[in-house]
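This report goes through one structure by topic: a helix, a nonpolar core and the salt bridges.

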Amino acid sequence: MMFDLQHKTKFPVIFVVGCIAVLTASFLFNPTDRLSVVISLLTAVGGTTAFLYSKHSRDTELFIDLFRNFNARYDKLNERLNEIYNRPPDVKLTAVDRDILCDYFNLCAEEYLFGNAGFIDVAVWRAWQAGMSYFAKDPEILDFWRNELEQGSYYGFTIFQ
């Protein structure tokens with residue numbers, strides 16, 4: 001499941017709905033115990049909401065670190081990847097080209113791995129997939145990528161997901 005930065009907007013709703021549910025249900029409790037039960041349940045709602053928000057906040061910090069790391073690594077590859085992609089049609093991939101492409105494939109696979117673990121924002125993953133689709137339009141890059149994926153060394157990643 002991918003991480004979604006937009007989930008932060010759900011926490012106030014969770015808190016309000018939980019409080020309304022507790023207050024509505026409070027009429028079902030014994031009047032002598034009502035106040036202590038309601039206070040306990042409202043505390044549970046608040047604690048649960050705070051826990052979920054805190055987890056989201058930590059996940060956001062991790063996402064930012066990963067995002068910066070992946071973008072910095074991609075920035076080092078970007079110019080060379082575009083040169084490979086824009087080479088004349090009759091020019092085959094060189095050993096150096098293949099090494100650069102493997103670095104890129106590894107980067108894509110790592111983003112996929114962290115995305116599946118729930119630490120990459122959905123919108124970022126979609127943008128990353130669009131970039132992969134761009135490079136996969138080159139038939140020789142695509143063939144090389146397919147051969148690499150058949151080796152099984154990319155954490156279950158495939159460009160066709």
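## Helix α1

In this predicted model, helix α1 covers residues 10–25.

Four residues of α1 are buried: Phe11, Gly18, Cys19 and Val22. Viewed down the helix axis, the buried residues of α1 stay within an arc of 100°, and therefore line one face. An α-helix has 3.6 residues a turn, so residues three or four places apart point the same way. The cover over the buried residues of α1 includes α2. On the face turned away from the buried side, α1 carries the exposed residues Val13, Val17 and Thr24.

## Nonpolar core

The largest nonpolar core holds 33 residues. Those that touch the most other members are Leu81, Leu101, Tyr104, Met132, Trp145 and Phe157. Two or more residues each are given to this core by α2 (34–85), α3 (95–116), α4 (122–136) and α5 (139–150). The largest share is that of α3, with nine residues. In soluble globular proteins, nonpolar side chains tend to be buried together.

Which residues does Tyr104 touch, not counting residues up to four places away in sequence? The contacts of Tyr104 are Tyr74, Leu77, Leu81, Gly131, Met132, Phe135 and Trp145. Among these contacts, Leu81, Met132 and Trp145 are also listed with Tyr104 as core residues that touch the most other members.

The model has six salt bridges by the rule applied. Side chains of opposite charge can pair when their charged atoms come close. One of the salt bridges joins the side chains of Glu110 and Arg73, at 2.8 Å from N to O. Because Glu110 belongs to helix α3 and Arg73 to helix α2, this pair ties together parts 37 residues apart in sequence. Arg73 has a relative accessible area of 27% and is partly exposed.

Another salt bridge is formed by the side chains of Asp97 and Arg80, with an N to O distance of 2.5 Å. Asp97 lies in helix α3 and Arg80 in helix α2, so the pair ties together parts that are 17 residues apart in sequence. Asp97 is buried or exposed? With a relative accessible area of 5%, Asp97 is buried, because the cut-off for that class is under 20%. Arg80, at 26% relative accessibility, counts as partly exposed.

## Surroundings of Asp97

Asp97 and Arg80 also belong to a network of salt bridges that includes Glu83. Leaving out residues up to four places away in sequence, Asp97 touches Arg80, Ile84 and Lys92.

## A salt bridge between two loops

A further salt bridge pairs Arg87 with Asp138, whose closest N and O atoms are 2.8 Å apart. Where in the chain do Arg87 and Asp138 lie? Arg87 is in the loop between α2 and α3, and Asp138 is in the loop between α4 and α5. The pair links distant parts of the chain, 51 residues apart. Both Arg87 and Asp138 are buried.

Note on methods. Residues numbered from 1 in each chain as written. Predicted model: local features only at pLDDT ≥ 70, side-chain atom pairs only at ≥ 80, totals over all residues. Heavy atoms only, no water. Core = buried A, V, L, I, M, F, W, Y, C linked by side-chain atoms within 4.5 Å. Buried < 20%, exposed > 50% of the residue type's maximum accessible area, 1.4 Å probe, protein only. Contact = heavy atoms within 4.5 Å. Expected span 1.5 Å × (residues − 1). Arc of directions from axis to C-beta. Salt bridge = Lys/Arg side-chain N within 4 Å of Asp/Glu carboxyl O.
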